[in-house]
Amino acid sequence: MQVLNRFSVFMATILGLLVLTACGPDYHFTKSVDLPNDDWAYDQVLDFEFEITDTLQIYNLILDITHHKDYAYQNLYTQISTYFPSGEAISKTLSLELANTAGQWQGKCSGTYCTLRIPIQEGAYFNIPGVYKISLTQFMRSDPIRGIKNISFFVEKTDHKRGE
């Protein structure tokens with residue numbers, strides 16, 4: 001009887017470990033940047049460089065923004081630039097909505113900070129193999145913008161390839 005209980009506990013542990021390792025996201029690239037004193041200045045460009053070798057793979061591009069609960073605004077305007085291996089670059093202004101229209105923080109809040117995951121592009125693919133760079137700058141009217149603690153960027157592999 002005792003052997004059967006040990007075997008059951010062993011099998012439950014193995015099954016739990018398999019579930020935990022099989023269900024997580026598959027990140028091709030991750031980088032997290034802590035902002036000193038929770039301030040983000042205009043001249044502080046956040047660069048995220050990653051290499052692409054598989055031009056058929058489809059990815060999701062994701063930002064995590066960690067901000068203070070006392071952050072003074074509903075959103076965070078940013079300028080995002082993508083630099084391609086060919087030397088070409090494109091830029092776009094993004095408004096990252098940190099609170100809903102009622103002023104409640106979106107995302108998960110704990111202690112004095114909230115973290116919000118924002119998909120910035122789903123179903124992305126890269127035509128050319130090589131090194132890509134995503135640059136992010138704050139585009140608010142204040143310099144520095146106060147209350148932004150951390151920004152993380154993720155390139156998540158999907159289960160899809162182009163042409164499928």
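1. A nonpolar core here is a set of buried Ala, Val, Leu, Ile, Met, Phe, Trp, Tyr and Cys residues joined through side-chain atoms within 4.5 Å. Buried means under 20% relative accessible area, exposed over 50%, and partly exposed in between (1.4 Å probe, protein chains only).

2. The model is predicted: local features need pLDDT of at least 70, side-chain atom pairs count only at pLDDT 80 or more, and totals for chains, interfaces and linings use all residues. Numbering runs from 1 along each chain as its sequence is written, and side-chain values use heavy atoms, with hydrogens and water left out.

3. The largest nonpolar core has 31 residues. Leu-76, Ile-148 and Ile-151 have the most contacts inside it. Among the strands (DSSP E runs of at least two residues, numbered from the N terminus) that give two or more residues to this core are S1 (26-34), S4 (57-68) and S11 (148-161).

4. Take Ile-151. Beyond its neighbours within four places in sequence, its contacts (heavy atoms within 4.5 Å) include Trp-40, Phe-48, Leu-63, Asp-64 and Leu-136.

5. The whole structure holds 3 salt bridges, each a side-chain nitrogen of Lys or Arg within 4 Å of a carboxyl oxygen of Asp or Glu. Arg-146 pairs with Asp-39 at 2.7 Å, N to O. The two sit 107 residues apart, in strands S10 and S2. Arg-146 is exposed at 52%; Asp-39 is buried at 17%.

6. Arg-117 bridges to Asp-64, with the closest N and O atoms 2.7 Å apart. This pair links strand S8 to strand S4, 53 residues apart. Arg-117 is partly exposed at 40%, while Asp-64 is buried at 12%.

Notes
Helix = DSSP H or I, 4+ residues; strand = E, 2+ residues; numbered from the N terminus.
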